[in-house]
Amino acid sequence: MSADQPEVAGHLGRWRAPLLIAVLAVGMVLRAGVVSHHVALDYDEGRYLDNAVNLMKGRGLATNYTSHFFRQAAPLHPEDISSPVYPYLLAATFSVTGPDPRAAQLLSLLAGSLVIALTFHLGCRLFDERTALLAAVLVALNPDFVILSSWSMTEMLYGAILLG
């Protein structure tokens with residue numbers, strides 16, 4: 001802002017971009033740190049990954065993933081409890097990367113980071129830049145959002161879709 005223009009309440013001025021970049025960077029570092037420590041697959045993660053691999057093999061939405069708690073794998077059966085969009089996205093990703101759980105976690109990490117930016121954008125539209133920045137900081141530091149961004153599941157992706 002120049003000296004002849006009055007400061008608008010709630011406007012961050014020239015600090016908007018650096019502050020938002022800092023919040024995004026902190027959020028991404030936190031999420032990446034959790035991803036690097038997430039090694040055991042959750043039951044739902046295993047089902048989504050299994051569905052994606054079976055889609056790639058032409059078997060459709062099918063799974064035989066039961067849980068890491070069970071010793072024997074169940075026979076292949078049609079998937080009847082998961083939304084179909086996410087396994088198709090994972091299958092497309094796996095067609096480039098190969099069936100790697102880390103690739104699926106990277107999708108969640110990116111979606112979780114996108115949620116931070118989209119929260120800021122929505123906050124600017126509904127309120128002002130300072131309120132939007134506070135909301136983005138809360139999302140970036142929210143432990144549940146950080147953890148969900150490390151799982152190969154739908155929550156962060158759908159959150160980003162809803163905010164976008």
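**Core and helix packing**

Me: Which residues touch the most other members of the largest nonpolar core?
Reply: Keep in mind that this is a predicted model. The core has 27 residues. Those touching the most other members are Val23, Leu90, Phe94, Ile116 and Phe120.

Me: And which helix gives the largest share of this core?
Reply: Helices giving two or more residues are H1 (16-37), H2 (43-56), H3 (85-97), H4, H5 (129-141) and H7. The largest share is 7 residues, and it comes from H4.

Me: What is Val23 in contact with, leaving aside neighbours within four places in sequence?
Reply: Val23 belongs to that core, and it's also one of the H1 residues in the contact with H4. Setting those sequence neighbours aside, its partners are Ile116, Leu133, Ala136, Val137 and Ala140.

Me: Is H1 roughly parallel or antiparallel to H4?
Reply: Their axes come within 10 Å and cross at roughly 150°. Angles over 145 degrees count as roughly antiparallel. So H1 and H4 are roughly antiparallel.

Me: How many charged residues does the contact of H1 with H4 have?
Reply: Arg16 and Arg31 of H1 are among the residues making it, as is Arg102 of H4. By class there are 11 nonpolar and 5 polar residues, and the charged ones number 3.

Me: What about H4 and H7, roughly parallel or antiparallel?
Reply: H4 (101-126) and H7 (155-163) have axes that come within 8 Å and cross at roughly 25°. Angles under 35 degrees count as roughly parallel. That makes H4 and H7 roughly parallel.

Conventions:
Residues numbered from 1 in each chain as written. Predicted model: local features only at pLDDT ≥ 70, side-chain atom pairs only at ≥ 80, totals over all residues. Heavy atoms only, no water. Axes fitted to C-alpha atoms, helices over the stretch in contact; angles between N-to-C directions. Helix = DSSP H or I, 4+ residues; strand = E, 2+ residues; numbered from the N terminus. Parallel < 35°, antiparallel > 145°, perpendicular 65-115°, else oblique. Core = buried A, V, L, I, M, F, W, Y, C linked by side-chain atoms within 4.5 Å. Buried < 20%, exposed > 50% of the residue type's maximum accessible area, 1.4 Å probe, protein only. Contact = heavy atoms within 4.5 Å. Nonpolar A, V, L, I, M, F, W, Y, C, P; charged D, E, K, R; others polar.
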